[in-house]
Amino acid sequence: MARPARRLGNLPAEATSFIGRRDELAELRGKLSTARLVSLVGPGGVGKTRLAIRIGTDLERGFRDGAWLVELADIRDADLVSNAVMLALDLRDQASKEPLPLLLAYLQDKELLLVVDNCEHLLTAAAQLIVEVMRAAPGIRVIATSREPLSVDGEHVIPVPPLALPSGHQAESLGQLRQNEAVMLFTERAAAASGSFDLTESNRAAVVEVCRRLDGLPLAIELAAVRIRVLTVEQVRDRLNDRFALLTGGGRAALPRHQTLRTTIEWSHDLLNPAERSMLKRLCVFAGRFTLDDVESVCTSKELPAARSLAVLSSLVDKSLVGKEDVIGVACYRLHETMREFARLQLRKGAEEERLEDRATEYYRSRCRQSVEESRYRLAEWLQWMDLEIDNIRAVLGRCVSRHDALNGLDLATSVGWYWITRATTEGVRWLDDLLALGSGRPDAQFWAYFLRGFLAVLKADPNAARPVLERAVGTARELGEPLFLSQALCMASIAGNMAGDRASAMRLLHEAVVLTGPLDDFPARISVLQAQALNGFFGGDIEAVKAAATEGVRLSREAGDLYSLEMMLLNSGGTALIEGNLEQAKSFYREGLQIARRIDDRVAQYALLDGLGCVAAGSVQPRVAAQLLGAAETVRTQAGASLIPILAPLIAYAEEVAVAAVGQSRFDAELNAGKRLTRGEAVRLALGEPARPAARPVANAKDVGLLGKREADVARLVADGLSNKQIGAKLFISERTVDSHVRNILNKLGFNSRAQIAGWVASTNR
């Protein structure tokens with residue numbers, strides 16, 4: 001549902017396709033055997049990310065809790081670095097006070113490798129976070145990539161050079177030349193672009209000169225290689241030499257590497273047609289991933305109409321100027337950081353930057369406002385869209401804060417309220433506080449900002465923060481004369497009052513809401529009253545009141561298609577059935593609620609429902625299942641930063657007593673700990689009575705060398721050397737199709753899913 005955690009072993013094989021760099025890989029392995037922080041440092045386009053991912057993938061087996069990729073390239077706000085790490089690790093800022101303490105508590109007993117990529121624009125924040133993590137969690141090791149060192153104690157810096165260059169000597173055989181890293185990259189990318197390119201005696205001189213001219217810089221080589229689709233390698237060489245001659249006065253003097261890369265990008269840019277140039281420079285307005293819809297809405301103009309967007313964007317992808325990835329069935333695009341910087345300069349040169357940023361602000365503001373109904377009544381689909389677009393929305397919110405634009409900022413921040421509720425409460429609080437401090441927005445947006453700020457405080461179990469801001473929401477609703485707004489604000493204020501132990505205030509606010517809402521035919525107002533009545537009944541010990549409110553709430557929520565309210569009402573209904581001893585009915589309510597919570601990835605609801613089903617299992621004489629579910633619920637709860645719901649505490653205590661009486665304390669503790677080790681997916685499947693997924697095949701180790709035949713072992717070694725299937729075929733005098741068959745057999749026999757894992761296995765057998 002949400003953007004997946006970035007475990008390195010699960011990344012697609014293309015993330016580490018072509019790597020070479022055996023010397024750097026060996027040095028990295030050596031450093032990481034003793035150092036806790038290694039920084040790969042070098043200019044943009046040199047291949048730091050690919051190298052870091054490759055070594056992390058190779059070493060993942062050595063870390064009990066795996067290796068994980070933290071991507072900072074799309075983050076522009078230093079305050080969100082902790083959030084980026086949490087996202088990578090599949091943690092959730094849904095109910096915690098602050099993300100960092102939650103992150104540190106989670107990591108303190110873990111043994112894992114973090115690859116923190118693209119730190120340069122957030123250097124101070126990234127360095128501070130890494131220091132905090134290593135101080136709190138002795139089992140953590142970190143690989144950071146940046147254009148400059150982090151400059152913290154214990155950092156081991158490894159400069160990442162360009163790829164090794166071919167010597168240029170004609171005496172070097174074609175076979176030897178094919179093993180050169182720069183030549184390997186050029187031929188692989190050229191073959192992919194043209195479908196038929198190969199290194200031959202007739203073109204070797206041109207290939208060597210291109211690689212040497214480009215200083216072995218991977219990004220520059222890729223940009224040149226894709227032009228083989230329409231030019232010969234000799235034409236690419238000549239055009240590049242013409243471009244570089246302008247900068248060196250016609251001589252052969254070498255340029256600084258950063259200038260080499262920029263000149264190559266400019267050369268690629270100048271070969272574009274006017275529409276492609278316009279598109280490329282405008283794409284930098286997106287902070288993260290973007291879709292075709294985004295491009296058509298923000299980047300088009302009279303000379304570049306929306307109808308041409310797909311063709312132009314596809315052309316830029318073909319030329320390796322824009323990257324493409326499929327996310328949950330949607331084609332998404334992004335710019336390499338170096339390309340984004342170049343595009344931003346082009347945009348400023350054309351005096352278009354402010355206009356494009358304004359268009360992006362209006363696009364996201366209007367689109368989010370238009371999707372307010374969808375965000376509630378088609379929550380699962382809307383959250384998928386938000387997970388794709390959140391970095392762009394954050395960038396717009398950041399511009400609104402820096403420009404003191406409360407009007408647009410509050411519209412946007414309140415329109416995406418369900419994202420803050422289900423994904424990022426602390427972040428939502430920060431945006432709302434920053435924007436409310438700027439001044440007033442539209443009157444209804446002002447109300448929703450106060451209301452949402454109070455709602456988030458309630459979710460964080462912080463009634464002291466919730467009550468004053470909800471008082472402002474109530475006052476604003478009265479000033480606006482909006483009974484629908486007032487009803488919802490009164491109900492939320494009543495819940496906060498109960499949480500604070502102020503029953504008198506809670507009852508007074510709820511009574512006013514009930515009277516006000518009676519004649520209204522409005523689902524949000526009615527469901528708010530029912531939720532407040534249910535919680536008020538729990539706080540007051542009136543189970544019949546809870547049952548009546550929850551039963552009606554389930555009916556209304558189901559009719560309206562409001563998944564969030566439905567899961568909450570099912571949780572309430574399950575609680576009343578459990579208290580009354582109706583275990584089968586409680587199980588039915590809880591399981592339906594858990595299916596919804598899994599669908600919308602609501603971690604707080606998941607933990608509460610797992611706890612409820614653990615209690616049901618205890619009462620149904622399933623003590624082992626009960627212990628595992630209670631243990632799993634504790635893990636999910638702590639990973640979401642949530643506190644135990646007071647209403648659940650006595651039910652859980654009783655369930656534990658029943659389970660311990662059935663199996664004994666030591667057995668119960670063992671099962672509880674087993675439950676804590678379950679993944680969320682495993683825990684949910686256990687709770688729902690679904691069959692467990694087949695266990696993954698065990699990862700091969702050095703002893704498995706006998707699994708492979710001689711030819712397969714030869715292919716595996718060449719895969720580890722970074723050769724493509726075509727290059728392996730040429731070296732072993734077999735067809736590319738045969739090589740592909742061998743690679744698939746190797747992956748199957750060893751239980752792997754990427755070439756990088758094969759390379760790591762080969763390295764382990766050679767130790």
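## Salt bridges

A salt bridge is a side-chain nitrogen of Lys or Arg within 4 Å of a carboxyl oxygen of Asp or Glu. Asp502 and Arg467 form one through their side chains, at 2.8 Å from N to O. Asp502 sits in the loop between α24 (483-499) and α25 (503-517), and Arg467 in helix α23 (residues 463-480), so the pair ties together parts that are 35 residues apart in sequence. Helices (H or I, at least four residues) and strands (E, at least two) are DSSP runs, numbered from the N terminus. Asp502 is partly exposed, at 27% relative accessibility. Arg467 is partly exposed too, at 24%. Buried means under 20% relative accessible area, exposed over 50%, and partly exposed in between (1.4 Å probe, protein chains only).

Across the whole structure, the search finds 61 salt bridges. Side chains of opposite charge can pair when their charged atoms come close.

## Model and confidence

This is a predicted model: local features need pLDDT of at least 70, side-chain atom pairs count only at pLDDT 80 or more, and totals for chains, interfaces and linings use all residues. Residues are numbered from 1 along each chain as its sequence is written, and side-chain values use heavy atoms, with hydrogens and water left out.

pLDDT is the predictor's confidence in each residue, from 0 to 100. Its mean over the chain is 89, and 93% of residues reach 70 or more. Residues 247-253 stay under 50, with 9 contacts (heavy atoms within 4.5 Å) beyond four places in sequence. Residues 696-705 also stay under 50, with 19 contacts beyond four places in sequence.

The side chains of Arg334 and Asp74 meet in a salt bridge of 1.9 Å, N to O. Arg334 belongs to strand β7 (residues 330-334), while Asp74 is in the loop between β2 (67-71) and α3 (81-88), so this pair ties together parts that are 260 residues apart in sequence. Arg334 is partly exposed, with a relative accessible area of 23%. Asp74 is buried, at 6%. Both residues belong to a salt-bridge network that also links Arg76, Glu325, Glu337 and Arg340.

Asp601 pairs with Arg92 by a salt bridge between side chains, at 2.8 Å from N to O. Asp601 lies in the loop between α29 (583-600) and α30 (603-619), and Arg92 in the loop between α3 and α4 (99-107), so the pair ties together parts that are 509 residues apart in sequence. Both Asp601 and Arg92 are buried.

## Helix α1

Helix α1 (residues 22-32) has Glu24, Leu25, Leu28 and Leu32 as its buried residues. These cover an arc of only 100° around the axis (taken from the directions from the helix axis to the C-beta atoms), which puts them on the same side of α1. An α-helix has 3.6 residues a turn, so residues three or four places apart point the same way. The cover over the buried residues of α1 includes β1 (37-41), α2 (48-59), β4 (140-146) and β5 (155-159).

Ser415 is in helix α19 (residues 406-415). Ser415 is buried, at 6% relative accessibility. A polar atom of its side chain lies 2.5 Å from the backbone oxygen of Asp411. Beyond four places in sequence, Ser415 is in contact with Cys368, Arg369, Val372, Ser375 and Trp382.

The structure has 0 disulfides (pairs of cysteine sulfur atoms within 2.5 Å). For Cys368, the nearest cysteine sulfur is that of Cys400, 11 Å away. Cys368 is buried, with a relative accessible area of 0%.

Methods:
A polar contact is a pair of N or O atoms within 3.5 Å; within protein, one must be able to donate a hydrogen and the other to accept it, and residues adjacent in sequence count only if both atoms are side-chain atoms.
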